[in-house]
Amino acid sequence: NDNIGAVYGDVNSDSLQFSTGATERVRITSGGGTAIVTAGSIPANAGNETLYVMGEGHNGHGTSNTRSVVSFIGAITSNSGGAGVWMGARTNDNTAVIGTRTASGDLAFETYNGGWGERMRLTNTGKLGINVSSPDSTLEIRSLTTSNTQLKLVTQDNYSGTYPHAQISFEQSTGTELAKIKADVPNTAANQADLVFSTNFGGMK
């Protein structure tokens, strides 16, 4: 009965296919690529990647227009799920989404440099810390060594025409600019710049 499920090999594509409800859900290609599709049909090129997953997903994670399609969960014990991440997309715009599985979970990034270490963390309250796991402000950057902590704003080199500026702006949520710090590059001196501080008091000064 096809409505129960079926497993069969396709001699034309040399693939192994799994179906439920008379619809193909999983395909393992001759090259070892695996495609899992729970909504619609499996695209012809889906098995070109090591793992291809497509589906309507779950509407319980993220904002109202977000659906989680895949979850990765670390088990605290053999029968208890812990923290993890999910990946999905928005249904109302062209946006991919990564989120945390728990309501108060942070998202941490680790890399290896002579040993594993956390390099960046996005907290559940929206604060971003680089080399700090408990940022106190919206953005906090710390140095891991005795060298200076640097934040670079790099403009395009060899620009033809008006030289671009490097600028930090302070704005209200309405878009009104309150103040700015700008490295103002004269058109005649590409390797020189004035550092300009401006505030909005009856117009930007």
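Here is a walk through the structure above, from the whole chain down to a few single residues.

This is a predicted model, so local features need a pLDDT of at least 70 and side-chain atom pairs count only at pLDDT 80 or more, while totals for chains, interfaces and linings use all residues. Residues are numbered from 1 along each chain as its sequence is written, and side-chain values use heavy atoms, with hydrogens and water left out.

Let's start with the big picture. The protein chain has zero helices and 15 strands; helices (H or I, at least four residues) and strands (E, at least two) are DSSP runs, numbered from the N terminus. Of the 205 residues in the protein chain, 19% are buried. Buried here means under 20% relative accessible area, exposed means over 50%, and partly exposed is in between (1.4 Å probe, protein chains only). The protein chain exposes about 14500 Å², and carbon and sulfur atoms supply 50% of that; accessible areas come from the Shrake-Rupley method with a 1.4 Å probe, and for residues only the protein chains shown count as cover. As for contacts (heavy atoms within 4.5 Å), take those in the protein chain between residues at least 6 apart in sequence: 8% of them join residues at least 24 apart.

Now for a sheet. Strands of a sheet pair through backbone hydrogen bonds, either parallel or antiparallel. Two strands count as paired if DSSP finds at least two bridges between them.

Arg121 is worth a stop of its own. Because its relative accessible area is 19%, Arg121 counts as buried. It forms a salt bridge with Asp106, with the closest N and O atoms 3.1 Å apart; a salt bridge is a side-chain nitrogen of Lys or Arg within 4 Å of a carboxyl oxygen of Asp or Glu. That pair links distant parts of the chain, 15 residues apart: Asp106 is in the loop between S8 and S9 (107-112), and Arg121 is in S10 (residues 116-122). Asp106 is partly exposed, at 30% relative accessibility. The side chains of Glu118 and Arg121 also meet in a salt bridge (2.7 Å, N to O), and Glu118 is partly exposed at 26%.

A search of the whole structure finds four salt bridges. Another of them joins Glu24 and Arg27, with the closest N and O atoms 2.7 Å apart, and both Glu24 and Arg27 are buried.

Next, look at Ala96, in strand S8 (residues 96-100). Ala96 is exposed, because its relative accessible area is 70%. Leaving out residues up to four places away in sequence, Ala96 touches Gly88 and Ala89.

Finally, find S13 (residues 166-171) and S14 (residues 177-184), which pair in the antiparallel sense over six bridges. They form a hairpin with five residues between them, and Gly175 in the turn has a positive phi of about 100 degrees. Glu171 has Glu177 as its bridge partner in S14.
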